[in-house]
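Hi everyone, thanks for coming.

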Amino acid sequence: MAFPNRPDAPELPDFSMLKRLARDQLIYLLEQLPGKKDLFIEADLMSPLDRIANVSILKQHEVDKLYKVENKPALSSNEQLCFLVRPRIKNMRYVASLVNADKLAGRTRKYKVIFSPQKFHACEMVLEEEGVYGDVSCDEWAFSLLPLDVDLLSMELPEFFRDYFLEGDQRWINTVAQALHLLSTLYGPFPNCYGIGRCTKMSYELWRKLEEEEDGETKGRRPEIGHVFLLDRDVDFVTALCSQVVYEGLVDDTFRIKCGSVDFGPEVTSSDRSLKVLLNAEDKVFNEIRNEHFSNVFGFLSQKARNLQAQYDRRRGMDIKQMKNFVSQELKGLKQEHRLLSVHIGACESIMKKKTKQDFQELIKTEHALLEGFSIRESTSYIEEHIDRQVSPLESLRLMCLLSITENGLIPKDYRSLKTQYLQSYGPEHLLTFSNLRRAGLLTEQAPGDTLTAVESKVSKLVTDKAAGKITDAFSSLAKRSNFRAISKKLNLIPRVDGEYDLKVPRDMAYVFSGAYVPLSCRLIEQVLERRSWQGLDEVVRLLNCSELAFTDMTKEDKASSESLRLILVVFLGGCTFSEISALRFLGREKGYRFIFLTTAVTNSARLMEAMSEVKA
């Protein structure tokens, strides 16, 4: 069953305007090179571009051939070359090599680089170093909000997580501030704003600056969205590290949802072809099962198949006129539904096969034990066995990180033994990955007697010295403690259940983890909304190491209608999971809110581990 909206639930804003804006701006940039041109597109911009402007639109604006930006010489014979790329050094070297090859061959052409979502000074420096700065014109396509669904916007910046939370690189903060500014320009000012985390604080302050500079634009506008919530991913790593069990999350964990669509291989389509399926609210079958716990999905799909069969069977007793109506009005819809139904049934069967092979039940049991803090020794031996059997390097890392964060760091003996076993099993090239995980606070070792070592206490002095700026960011994680147990107690994240937890009729957000755990990020949002501020949550905020980084900004609410005050934008910096989205959709249904999600990218445990890994799969 899909979550039906309460009759009093507010309407969602129309985000198709964001697509139109992005398309118009891109066309404007392309037309600045009049005449025929070839377009070189970076691989990870292809899917987002496809959602905004397909090939036929590009052809209408005289794009002749499309090429992928890759490490080989371009075969284009066109006189004008246009490059649509992310602001990365390697892309600049690629453009420079093409321009220099042309110069050597005595060819003159026009070159234009369009950076998305913004241009960085470092890129222009590279062009200058390579001696081609004067030959290339640069522009930016400020495209940073892609509507993946009616309530989900993505910035499609998966690198945000590693850049900021590992490298301490703040270059994307401006992109976030610009995106928030665009939303408040289009949908009116946001009366109430809450945030937690260092990255959040910086994005918020920069966004406020932009608002002040263009104060006139939103003045007098009625707000459409009543509350905005900004949240750093490192405030809650635990949720992102857990296995997902709602249907959409499982599809993402199993097949990888990319930019709102998924490629189902022959094992799902039961043919020799793969099928690309767009997963959003327009897919009626998917929309009804996306937020469901996986155990309910099969029952729902088989019931749906029976209903569909019954509708087909109605034709038997029809006369010619009724038959004509049936074919013209209903048949197409039934066929479409039938096709979608068989795809999702295929996907479910494929997930079941993969998960039984993996012994999914045992894995989930271990995760729940870690979350609740029971049988830690058994869980540790389970992880060791996982490593020794070489099940999967990313899975083993994820379980070690979950153990570390829930236990506030590993005792030195366990840390050394797990690390040694891991490196022996998967290879010494993973050594740097351990250093990354430690720096990000994902996999840490408890200090002897659990006091900070001399070096770390020196560093923590630096941490409190705000002038230390970037050093602070890079080292803050050394002094970071997860305090998960204490936070879990304070916020009641592990529900007490008498008897079985009913997953068919969930009573709280814990259903997204089979009733074992309420996502910390979602519980924080629920609590702050109830209180309309962080007051009364001081102890939790202190345990999250965010005391000076949690803020509430209440501007005038008088212009906001009661409907807009029930519309809440949640911004995840560093990625958000489908489990969190499902949990908040559930909360919205219970409390009469509607949530809209804006994330730097959709993430899951595997993507989180890949971002930290120095070994490319």
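First, some housekeeping. This is a predicted model, where local features need pLDDT of at least 70 and side-chain atom pairs count only at pLDDT 80 or more, while totals for chains, interfaces and linings use all residues. Residues are numbered from 1 along each chain as its sequence is written, and side-chain values use heavy atoms, with hydrogens and water left out.

Okay, the big picture. The protein has 26 helices and 14 strands; these are DSSP runs numbered from the N terminus, with helices being H or I of at least four residues and strands being E of at least two. Of its 617 residues, 55% are buried. Buried means under 20% relative accessible area, exposed means over 50%, and partly exposed is in between, using a 1.4 Å probe and protein chains only. Now take contacts, meaning heavy atoms within 4.5 Å. Among contacts between residues at least 6 apart in sequence, 78% join residues at least 24 apart.

Let's zoom in on helix α4, residues 89-104. Its 16 residues reach 22 Å from first C-alpha to last, close to the 22 Å expected at 1.5 Å a residue. That expected span is 1.5 Å times one less than the number of residues. Which residues of α4 are buried? They are Asn 91, Met 92, Tyr 94, Val 95, Ala 96, Leu 98, Val 99 and Asp 102. What covers them includes the strands β1 (37-41), β2 (63-68), β3 (80-85), β4 (110-115) and β5 (136-140), along with helix α5 (121-129). Just after α4, Gly 106 takes a positive phi of about 75°.

On to the rings. Rings of Phe, Tyr and Trp (its six-membered ring) pair if their centres lie within 6.5 Å; planes under 30 degrees apart are stacked, over 60 edge-to-face, and the rest tilted. By that rule there are 24 aromatic pairs. Take Tyr 204 and Trp 207: their ring centres are 6.0 Å apart and their planes at 75°, so this pair is edge-to-face. Both sit in helix α8 (residues 198-213), three residues apart, about one turn of the helix. An α-helix has 3.6 residues a turn, so residues three or four places apart point the same way. Tyr 204 and Trp 207 are both buried.

Last topic: salt bridges, meaning a side-chain nitrogen of Lys or Arg within 4 Å of a carboxyl oxygen of Asp or Glu. How many does the structure hold? The count is 36. One of them joins Arg 107 to Glu 79, with the closest N and O atoms 3.0 Å apart. Arg 107 is in the loop between α4 and β4 and Glu 79 in the loop between β2 and β3, so the pair ties together parts 28 residues apart in sequence. Arg 107 is partly exposed at 29% relative accessible area, and Glu 79 is partly exposed at 44%.

Now look at Arg 607 and Asp 252, whose closest N and O atoms are 2.7 Å apart in their salt bridge. This pair links distant parts of the chain, helix α26 (residues 605-612) and helix α10 (residues 247-255), 355 residues apart. Are these two buried or exposed? Both Arg 607 and Asp 252 are buried.
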